[in-house]
Amino acid sequence: MLQDVSIVQQIGVAVLAVATVVWAVGLVRVMRKERFDVEAWRQAPSLRALPTQQGPPRTEAVELTADERAAFAGLVRQFGEGRS
């Protein structure tokens, strides 16, 4: 090794190098495990058996008066102008 560098510095560089390699290997293993877990989650048959979410039945709809429809249209225009 270099004679200008102390033994403590050389050990420090070696420790950092080993820690970097261990971290990289661990990161790769975690990422691969997560990828397989996501695939297993997507293909789980128990999740397909769950019912889909549904809103209230259409029979509960309320007809709006002309004034209410006009007020709602005004609100939609007002909020739409703020997005521009």
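Biologist: Buried means under 20% relative accessible area, exposed over 50%, and partly exposed in between (1.4 Å probe, protein chains only). Is Gln-10 buried or exposed?

Modeller: Gln-10 is buried, because its relative accessible area is 17%. This is a predicted model, where local features need pLDDT of at least 70 and side-chain atom pairs count only at pLDDT 80 or more, while totals for chains, interfaces and linings use all residues. Residues are numbered from 1 along each chain as its sequence is written, and side-chain values use heavy atoms, leaving out hydrogens and water.

Biologist: What lies 3.2 Å from a polar atom of the Gln-10 side chain?

Modeller: The backbone oxygen of Val-5.

Biologist: Where is Gln-10 placed?

Modeller: Gln-10 is in helix H1, as is Val-8; that helix covers residues 7-42. Helices (H or I, at least four residues) and strands (E, at least two) are DSSP runs, numbered from the N terminus.

Biologist: Val-8, then: buried or exposed?

Modeller: Val-8 counts as exposed because its relative accessibility is 62%.

Biologist: How many helices and strands does the protein have?

Modeller: Three helices and zero strands. From the N terminus, the order is α-α-α.

Biologist: And how much of the protein is buried?

Modeller: Of its 84 residues, 2% are buried.

Biologist: Where is confidence lowest, and where highest?

Modeller: Confidence here is pLDDT, the predictor's score for each residue, from 0 to 100. Helix H2 (residues 45-48) is lowest, with a mean of 58, and helix H3 (residues 66-83) is highest, at 87. The protein averages 80, and 64% of the residues score at least 70.

Notes. Polar contact = N/O pair within 3.5 Å; in protein donor to acceptor, adjacent residues only side chain to side chain.
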